[in-house]
Amino acid sequence: MKRIPGVIIKGGASLCFTVLWLATVGASSSDSSTTLLFSEPAKTFHQSIPLGNGRIGAMVFGGVTEERIVLNESSLWSGSPADNDRDEAYKSLPEIRRLLAEGNNPEAADLVMKNFTCKGAGSGHGSGANVPFGCYQTLGDLKLTFGDTPMSNYSRTLDLRSAVGTVRYESNGVKFERAHFISAPDQVFVSRFNADHASSLSFTISMDRKERFQTVAVNDRELLMTGTLNDGRGGKGVSYAGRIRVLAKGGIVKADANRLVVERADEVILLFAAATDFRGFAGRQLADPAGATLNDLDKAAKKSFAKLRAAQKSDHEKWFDRVALNLNDGSPSPNAALPMAQRLVGFAKGVRDPELAALYFNFGRYLLISSSRPGGLPANLQGIWAEEIQTPWNGDWHLDINVQMNYWPAQVGNLSELQEPMNKLIASLVVPGRKTAKAYYNSRGWIAHVITNPWGFTAPGEHASWGATTSGSAWLCEHLWTQYAYTRDRKFLAWAYPIMKECALFYLDNIWEEPDHHWLVTGPSNSPENSFKLPDGRTAQVCMGPTIDMQLLRELFSNTTRAAEILGIDEDLRRELEQKRARIAPNQIGPDGRLQEWLKPYPEPEPHHRHVSPLYGLHPYDEISPTRTPELAQATRKLLEVRGDEGTGWSLAWKINFWARLGDGDRAYKLLQMLLRPVKSSAVNMQGGGGSAENLFCFHPPFQIDGNFGGCAGIAEMLMQSTGDATPVIHFLPALPSAWPTGSFRGLRACGGIEVDLCWKDGHATSATLKATSDGPVQILPPKGQAIAAVTRKGAPVPAALDADGSSVIQTKRGQTYVVGFKAKH
């Protein structure tokens, strides 16, 4: 049996977890829940292996004749800061609202198009590489050419635990091995090439890009690629540098024009560094990218491979090893040892493979660790991995679910610090968002509408049908509050509160009375990207008071009120927020029993639309609940049934979370199966067909990483849910599917600053461990059919009030550990 790092054997859930985990790992030579295995080199980007340190990214194809490695740097954006606001757009606002109140939505949309969209090209309709909005772009390709050679016994793996990609094969009786990793401590991409026969390594090294690059051999051991992107105005934008250095044992290394040549070496180590001169809200703030790469390589080259690897390993494991998940009962799955392509096909056909679900969860956390680090930029639509100059939808930050979904695993997955780039993005939008609030609404506060970029874009989008979405900033602020709810960090809350307050002030100034019920509503707005039909048969998108806006404002006003209360400030604002919150348009159940998406029960032209925006109140917000609001919960279930299970990748991921909140584990599992179904084509499909590529990247399609993060969070949501602030509720196994009757997890985080371990067997919780990082009461809700038997601390009983639903409330103390026992509910 293998020793599992980071697992401490002790009583309660931790011991149960260790026994199950050791049994599972001991059954095979590698852990199929933390290893992606491939039996041949990648032919496409979506078969390659992703590596990253939060800033530098690489996609390793593992080619034998020619190796292609796609290189990325998180701040490599075209475009530049621009004035996107129409300065007197607010003068059209009264007329737009009058038209909306009269039911003349298309006429209101016409006025929005004329006077209330952004100034200029906006996002370029999702193709903004050459307009000021800009586009996240690939740094380029590293190409290693080995020449034609026979190959056998090939394998390519990505070990999520170690963040190392490995390629092994045999050729002409020689065994070759390559190891790749990207170090955050040393800020370099490291590749080591080995063979079991001396003088066996010969290849050429080059770097290129589709445009805007120059590659030169600096000396016999170093290549430098430099360039400058388009600023969107025909001028110079962000400049970049990528530099690679060869460290060889034996053989010869020499320059040949703009490439390097390695001949008959025993061992080769490649060190790659990248930098840009992006000086925005995050990043390294460099003036000389080429000089920075030279400095990075000089420092790294002074260390042995072993020391570089040790530093990278220690850094990665401090994040990854916080959480572990076991969904197997100890018996190996029939497909667990197969390559990824075959595992995905088998899982889609119903072959038992619980380790694949655990692998997907672990992969989601791995991707967040690899694409989002403190001090850097947040994960974008593709994390940090892109092979294009024009990435799909600019590889930007969409604010109508996508960037938010990227960070759903951050808190529950015990990676709270990795949300810092998202928090800094939000903070960076306040100043430009104030200008937008004045220009379009003549109001206080700040707003960001539906898309943004590193240049501070906060204006509406370029088309009324989707760009009028008003609630992006409210949704962003949900993440600020959620981080506090999970950490109880008052210092963080004091930092975040002014951002939340100004956001709330904007909406206080911009909610207005609709004529029928005198509810307070937003408008003009959209229910993200969706349409509806008016009684006269016309189709519209621009509306007032879509359900998601109303839910978001109730949440924002509540969270801002609670934050001010905790901090002991702004009593007058708290009262105003509470009064206005009570007047916001409520959730409504339509004549067909569905939760309404709009103020009126309009039919929709596309009933199976990918966005399920009115269910925001079910997830991630928790104002709709099967126990607290059963009628609304039933209406959300009806809406989900009519929407259907089919969807794009990220839509499937969101539906996993919805069904988990409704307590239907088997339906959530069905959606997980759909999310993991193999998809071959990366062609854009807006109607459905979502799934996974062979390397587990989520296919919208095309590749869009939010589904990876949403699916990861959905798996956690099936196993544990936590909500609330003053007395958080932790619900164990709220949506356990029948496919996972026995299992355990270690280290998930819950609201209230609680770290949780849990074991279950035959569908019933057996023990749990709660580690408190703050003081306060916590309500423990057992799985259905069970009750809390006892809670102990250091073997002694802890006073716990037992409720009729089988739950208990305990007072936790910072630094203390509590063991929870369960019994059948009678």
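**Strands, cavities and burial**

Guide: Strand β34 is joined to strand β35 (residues 808-812) by two bridges, and the two run antiparallel. This is a predicted model, in which local features need pLDDT of at least 70 and side-chain atom pairs count only at pLDDT 80 or more, while totals for chains, interfaces and linings use all residues. Residues are numbered from 1 along each chain as its sequence is written, and side-chain values use heavy atoms, with hydrogens and water left out.

Visitor: What makes β34 and β35 a pair?

Guide: Two strands pair if DSSP finds at least two bridges between them. A strand is a DSSP run of E of at least two residues and a helix a run of H or I of at least four, both numbered from the N terminus. The two bridges between β34 and β35 therefore meet the requirement.

Visitor: Why are β26 and β34 said to stand at the edges?

Guide: Their open sheet of five strands runs β26-β27-β31-β35-β34, with mixed pairing. β26 and β34 (801-802) each have a single partner strand, so one side of each lacks a neighbour in the sheet. Helix α20 (residues 706-719) packs on this sheet, touching β26 and β27 (contact means heavy atoms within 4.5 Å). The direction of α20 makes about 90° with that of β26; such angles run from 0 to 180 degrees between N-to-C directions, with axes fitted to C-alpha atoms, for helices over the stretch in contact.

Visitor: What makes β8 and β9 a pair, and which residue stands opposite F181?

Guide: F181 stands opposite V190 in β9. The two strands form a hairpin with four residues between them, and Q187 in the turn has a positive phi of about 55°. β9 also pairs with strand β16 (residues 267-276), antiparallel, over six bridges; there R192 faces I269.

Visitor: Why is S32 called buried?

Guide: Buried means under 20% relative accessible area, exposed over 50%, and partly exposed in between (1.4 Å probe, protein chains only). S32 has 10%, so the term applies. S32 is found in the loop between α1 (13-26) and β1 (35-38), and touches A336, R343, E355 and L359, not counting residues up to four places away in sequence. β9 (residues 188-195) is mostly covered, with six of its eight residues buried.

Visitor: What separates a pocket from a cavity?

Guide: On a 1 Å grid over the protein atoms alone, a cavity is a set of points where a 1.4 Å probe fits but cannot get out; a pocket is an open set with protein on both sides within 12 Å along at least five of seven lines, and lining residues have an atom within 4 Å of a point. The search finds five cavities of 30 Å³ or more. About 50 Å³ lies in the second largest cavity, and G52, I182, Q312, H316 and R373 are the closest to its centre among its 13 lining residues.

Visitor: How many residues line the largest pocket?

Guide: There are 28, of which P626, T627, H731, P734 and L781 lie nearest its centre. The pocket holds about 880 Å³, a volume being the space filled by probe spheres set on grid points, which are joined across faces, edges and corners. β26 (720-723) and β27 (729-732) are the elements giving two or more residues to this lining, and the largest share, three residues, comes from β26.
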